[in-house]
Amino acid sequence: MNKENENTSHVILYPNEMLRSQCVDVSKEEFGSDEFGKFLDYMGHIVVSHRAVGLAAPQVGVNKNILVFAGQIFSNEENKIFALANPKIIVKSDKLISSNEGCLSFPGITVKRRRHESVTVNFSDTDGAERTQQFSGFAGIVIQHEIDHLNGKLHVDGLSKEKKKQVTRKFKKLIKETYPA
Ligand SMILES: [Zn+2]
């Protein structure tokens, strides 16, 4: 098993039904527990090892409202990982921006999507303290993409029916080539 396969094996790939689950909030009791801390470390490790920008818990088979981001998305702290729980978007800008989005559950595929230029999000930090923060530009795009995962939504869902078919067909072909049966 090469390194690439070893890394990818941790992440659930499309079209696994787990990616369609509606996640539940992290409870007060869970914050600060060993298990919660270990899970955040695990997600952080996956983000770093894939040089990814973000990861949502259902992508590793856990249907909880937990997101982990590479630190450089939100600040200049390259080696830091940011984790947050129970995010809710409370304000969306009218202005939209387009970009090409990748996803660890769709390796090798990017999808052009429109997103709100900025969003304001309520969330709990890793200690369970509630916070509100605005995310704009690239950080805003990443957080909207990851919050979608918590609601069972994927970047391809924002495409036209025809385009979605085209992209998912391309992805299935790619996976067949990468992991021959
Ligand atoms: Zn994704």
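The following legends describe views of a predicted model of one protein.

**Figure 1. Overall fold of the predicted protein.** Residue numbers start from 1 along each chain as its sequence is written. Because the model is predicted, local features need pLDDT of at least 70 and side-chain atom pairs count only at pLDDT 80 or more, whereas totals for chains, interfaces and linings use all residues. The protein contains four helices and seven strands, where helices (H or I, at least four residues) and strands (E, at least two) are DSSP runs numbered from the N terminus. Their order from the N terminus is α-α-β-β-β-β-β-β-β-α-α. The radius of gyration of the protein is 16 Å, close to the 16 Å given by the globule rule for 181 residues, so the protein is as compact as a globular protein of that length. This radius is taken over C-alpha atoms, and the rule is 2.2 Å times the number of residues to the power 0.38. The C-alpha trace spans about 45 × 40 × 30 Å along its principal axes.

**Figure 2. The open antiparallel sheet.** Five strands are arranged in the order E1-E2-E3-E6-E7; two strands pair if DSSP finds at least two bridges between them. Strand E1 (54-56) and strand E7 (130-136) stand at the edges with a single partner strand each, so one side of each lacks a neighbour in the sheet. From one strand to the next, the twist averages 40°, with axes as lines fitted to C-alpha atoms (for helices over the stretch in contact) and angles running from 0 to 180 degrees between N-to-C directions.

**Figure 3. Strands E3 and E6, with helix H2 on the sheet.** Strand E3 (residues 81-92) and strand E6 (residues 118-124) run antiparallel and are joined by five bridges. Lys88 has Asn122 of E6 as its bridge partner. Helix H2 (residues 34-49) packs on the sheet and touches E1, strand E2 (66-70) and E3. The direction of H2 makes about 40° with that of E2.

**Figure 4. The largest nonpolar core.** This core is a set of buried Ala, Val, Leu, Ile, Met, Phe, Trp, Tyr and Cys residues joined through C-beta atoms within 7 Å; a buried residue has 20 or more other C-beta atoms within 10 Å of its own, with C-beta atoms placed from the backbone. The core has 32 residues, and Leu67, Val68 and Ile143 have the most contacts inside it. H2, E1, E2, E3, E6 and helix H3 (137-150) each supply at least two core residues. H3 gives the most, with six.

**Figure 5. Surroundings of Val68.** Apart from neighbours within four places in sequence, Val68 is in contact with Leu40, Met43, Gly44, Val47, Gly54, Leu55, Ile81 and Ala83. Contact requires C-beta atoms, placed from the backbone, to lie within 7 Å.

Methods
Two residues are in contact if their C-beta atoms, placed from the backbone, lie within 7 Å. A residue is buried if 20 or more other C-beta atoms lie within 10 Å of its own, exposed if 12 or fewer, and partly exposed in between; C-beta atoms are placed from the backbone.
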